[in-house]
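My notes follow in the order I made them.

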Amino acid sequence: MTHPPVRDGVTGARVADELRRAILHGAYPPGTRLRQEELAAQYGASRVPVREALRILESDGLVTTVANAGAWIARLSLDECIELYQVRERIEPLLLRYSLPQLDHTQVDRLAELSEQMRRIDDVEKFLELDREFHLGSYAGAGTTFLGPTVERLWNTTQHYRRAFTRLLDAESHRILHDEHHMLVAAIRERDSSEAERVLLGHIRRTRRQLARHPEVFE
């Protein structure tokens with residue numbers, strides 16, 4: 001969907017793109033109040049595109065708005081996060097099954113490259129960026145109307161908690177995570193949907209169980 005420009009030339013979509021990037025990179029912790037006047041000054045816009053941007057980001061699962069009260073960065077309780085991860089365990093393997101037959105060799109090679117890059121880096125933000133590209137890239141062949149956007153929204157909403165999870169990992173957990181990425185690439189390359197789904201399900205479930213052991217992340 002395109003968003004019409006406002007008089008000052010700054011569109012709601014542009015503000016949303018820049019604010020989305022900042023949120024996903026951890027610039028705004030969950031629960032942070034977003035004030036329209038401050039955002040307007042920050043992005044050189046009037047309040048009209050800022051309000052539009054907040055509506056876009058709410059539909060993305062990144063922002064919560066309350067009528068006549070304001071907007072906040074989306075925040076999850078432990079129970080809510082566990083519920084969303086359980087949803088992801090069910091629907092992401094299905095999305096991967098739809099995608100896998102349609103991925104071409106260039107796309108699979110890119111997944112392998114991302115897997116190796118993640119193994120070599122120790123910067124959390126860079127890892128999260130590559131991990132997001134890796135997993136959403138593995139779903140790129142699906143072409144679904146509802147399932148793909150739903151998965152991306154769930155990724156947006158749980159981004160902060162994946163960041164916290166990554167920082168909790170010890171050396172052995174890092175090794176397992178990277179091995180799972182490698183196994184996932186191998187299954188995709190072999191066009192083995194059942195194995196790819198099995199690996200992905202375990203990958204997501206392990207994250208959920210790790211987070212459940214750290215309720216302090218949600219305080």
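**Entry 1: H1 and H3**

Which residues in H1 meet which residues in H3? I list Gly12, Ala13, Val15, Ala16, Leu19, Arg20 and Ile23 on the H1 side. On the H3 side I have Pro49, Glu52, Ala53, Leu54, Ile56 and Leu57. By class, the residues of this contact divide into ten nonpolar, one polar and two charged.

I then looked up the geometry of the pair. H1 covers residues 12-24 and H3 residues 47-59, and their axes come within 8 Å and cross at roughly 55°. The two helices are therefore oblique to each other. I noted the crossing of H1 and H3 as right-handed.

**Entry 2: confidence**

This is a predicted model, and I checked pLDDT before going further. The chain has a mean pLDDT of 93, with 95% of its residues at 70 or more. Among the elements of the chain, H4 (residues 78-99) has the highest mean, 98, and H8 (residues 159-168) the lowest, 90.

Residues 1-8 stay under 50 in pLDDT. For this stretch the model has eleven contacts beyond four places in sequence.

**Entry 3: H4 and H7**

How do the axes of H4 and H7 cross, and within what distance do they come? I read a crossing of roughly 140°, with the axes coming within 10 Å. That makes H4 oblique to H7; the cut-off for roughly antiparallel is over 145 degrees. H4 passes H7 in a left-handed crossing.

From H4, the contact takes in Leu84, Val87, Arg88, Ile91, Glu92, Leu94, Leu95 and Tyr98. H7 contributes Leu147, Gly148, Thr150, Val151, Leu154, Trp155 and Thr157. I sorted the contact of H4 with H7 by class and have ten nonpolar, three polar and two charged residues.

**Entry 4: H8**

Is H8 mostly covered or mostly open? I find H8 mostly covered, with seven of its ten residues buried. The buried ones are Gln159, Tyr161, Arg162, Arg163, Ala164, Phe165 and Thr166. I also looked up what covers these buried residues, and the cover includes H1, H4, H6 (124-138), H7 (147-157), H9 (171-189) and H10 (193-212).

I started with Leu111, which sits in H5 (residues 105-120). Leu111 has a relative accessible area of 3% and is buried. Which residues does Leu111 touch, not counting those up to four places away in sequence? I have Leu103, Phe134, Gly137, Ser138, Val185 and Ile188. For one of these, Ser138, I looked up the separation: it is 27 residues from Leu111 along the chain, and the C-alpha atoms are separated by 7.1 Å.

Next I took Ser173, which has its place in H9. With a relative accessible area of 11%, Ser173 is buried. Leaving aside neighbours within four places in sequence, I find Ser173 in contact with Arg206 and Gln210. I also checked Ser173 against Ile23: they are 150 residues apart in sequence and 26 Å apart in space, C-alpha to C-alpha.

Why does Glu197 count as buried? Its relative accessibility is 18%, and buried means under 20%. Not counting residues up to four places away in sequence, Glu197 touches Pro93, Leu94, Leu96 and Arg97.

**Entry 5: positive phi**

Most residues other than glycine have a negative phi, so I looked up exceptions. Asn68 has a phi near 65°, a positive value in a residue other than glycine. I placed Asn68 in the loop between strand E2 (63-66) and strand E3 (70-73). Asn68 is exposed, with a relative accessible area of 87%.

What is phi at Arg191? I have a positive value of about 60°, although the residue is not a glycine. Arg191 is in the loop between H9 and H10. The relative accessible area of Arg191 is 31%, and I noted the residue as partly exposed.

Notes: Residues are numbered from 1 along each chain as its sequence is written. This is a predicted model: local features need pLDDT of at least 70, side-chain atom pairs count only at pLDDT 80 or more; totals for chains, interfaces and linings use all residues. Side-chain values use heavy atoms; hydrogens and water are left out. Axes are lines fitted to C-alpha atoms, for helices over the stretch in contact, and angles run from 0 to 180 degrees between N-to-C directions. Helices (H or I, at least four residues) and strands (E, at least two) are DSSP runs, numbered from the N terminus. Angles under 35 degrees count as roughly parallel, over 145 as roughly antiparallel, 65 to 115 as roughly perpendicular and the rest as oblique. A crossing is left-handed if the near helix is turned anticlockwise from the far one by less than a right angle, and right-handed if clockwise. Contact means heavy atoms within 4.5 Å. Ala, Val, Leu, Ile, Met, Phe, Trp, Tyr, Cys and Pro count as nonpolar, Asp, Glu, Lys and Arg as charged, and the others, Gly among them, as polar. pLDDT is the predictor's confidence in each residue, from 0 to 100. Buried means under 20% relative accessible area, exposed over 50%, partly exposed in between (1.4 Å probe, protein chains only).
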